[in-house]
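Visitor: Hi! I'm new to reading protein structures. Could you walk me through this one?

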Amino acid sequence: MKVIRGAVCVSNTAEDISAGAVRLVEQIMKANGLSQGDVETVFFSATRDLDACYPAAAVREKLLPQAAFMCFAEMNVAGSAQGVIRTAVFAKTEKTPVHCYLGEAAKLRPDLSR
């Protein structure tokens with residue numbers, strides 16, 4: 001079992017949160033060669049400004065109906081980025097995880113852009 005991390009920046013609409021969460025998990029699955037059956041659990045956190053919907057709902061519906069999901073509020077730290085969905089995907093794999101930080105969220109992990 002490995003934990004694969006990622007993040008994406010979105011605006012506070014149900015459509016954008018849903019599309020961003022699906023795109024993020026799709027990219028994680030593709031980059032890590034995962035199938036539906038490989039993914040056990042997905043945790044999402046979202047910054048306080050994202051309250052239009054749960055990111056897990058669209059991912060469950062479109063990608064991973066069998067996985068367990070949890071959604072959390074991100075800590076509200078002064079000066080931190082807003083509009084961010086972060087994820088931790090728990091998957092059955094022996095490969096070294098490829099973490100995926102999409103678009104503006106890549107700034108959160110500059111160490112991964114080598």
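Guide: Happy to; we'll go through the sheet, the helices, a loop residue and some aromatic rings. One thing to keep in mind is that this is a predicted model.

Visitor: Okay, the sheet then. What order do the strands come in?

Guide: There are five strands in an open sheet, and the order is S3-S2-S4-S1-S5, with mixed pairing. The edge strands are S3 and S5, as each of them pairs on one side only.

Visitor: Got it. And how many bridges join S2 to S4?

Guide: Seven, and those two strands run antiparallel. Val39, for instance, has Ala91 in S4 as its bridge partner.

Visitor: What about S1 and S4?

Guide: S1 and S4 pair in the antiparallel sense too, over eight bridges. Ala91 in S4 turns up again here, standing opposite Lys2.

Visitor: Is S4 enclosed or open to the outside?

Guide: S4 is largely enclosed by the rest of the structure, because seven of its eight residues are buried.

Visitor: Where do the side chains of a strand point, by the way?

Guide: In a regular strand, they alternate between the two faces of the sheet.

Visitor: Nice. Switching to helices: how many residues are in H1?

Guide: H1 has 18 residues, numbers 14-31. From its first C-alpha to its last it reaches 26 Å, close to the 26 Å expected at 1.5 Å a residue. After H1 comes Gly33, which has a positive phi, near 60°.

Visitor: Where does H1 sit on the sheet?

Guide: H1 lies across S1, S2, S4 and S5, and it runs at about 140° to S1.

Visitor: Which of its residues are buried?

Guide: Among them are Ile17, Ala21, Leu24, Val25 and Ile28. The buried residues of H1 pack against strands S1, S2, S4 and S5, and against helix H2 as well.

Visitor: And H2, which strands does that one lie across?

Guide: H2 lies across S2, S3 and S4, running at about 160° to S3.

Visitor: New topic. I clicked on Thr47. Where is it?

Guide: Thr47 is in the loop between S2 and H2.

Visitor: What does it touch, leaving out residues up to four places away in sequence?

Guide: Thr47 touches Glu74, Ala81, Gln82, Gly83, Val84 and Arg86.

Visitor: Last thing, the aromatic rings. How many aromatic pairs are there?

Guide: The count comes to two. One of them is Phe43 with Phe72, an edge-to-face pair at 5.5 Å centre to centre, with 75° between the planes. Phe43 lies in S2 and Phe72 in S3, so this pair ties together parts that are 29 residues apart in sequence.

Visitor: Which residues do the ring pairs link into a cluster?

Guide: Phe43, Phe72 and Phe90.

Visitor: And how accessible are Phe43 and Phe72?

Guide: Phe43 has 30% relative accessibility, so it counts as partly exposed. Phe72 has 41%, so Phe72 counts as partly exposed.

Technical notes. Residues numbered from 1 in each chain as written. Predicted model: local features only at pLDDT ≥ 70, side-chain atom pairs only at ≥ 80, totals over all residues. Heavy atoms only, no water. Phe/Tyr/Trp six-rings, centres within 6.5 Å; stacked < 30°, edge-to-face > 60°. Helix = DSSP H or I, 4+ residues; strand = E, 2+ residues; numbered from the N terminus. Buried < 20%, exposed > 50% of the residue type's maximum accessible area, 1.4 Å probe, protein only. Expected span 1.5 Å × (residues − 1). Contact = heavy atoms within 4.5 Å. Pairing = 2+ DSSP bridges. Axes fitted to C-alpha atoms, helices over the stretch in contact; angles between N-to-C directions.
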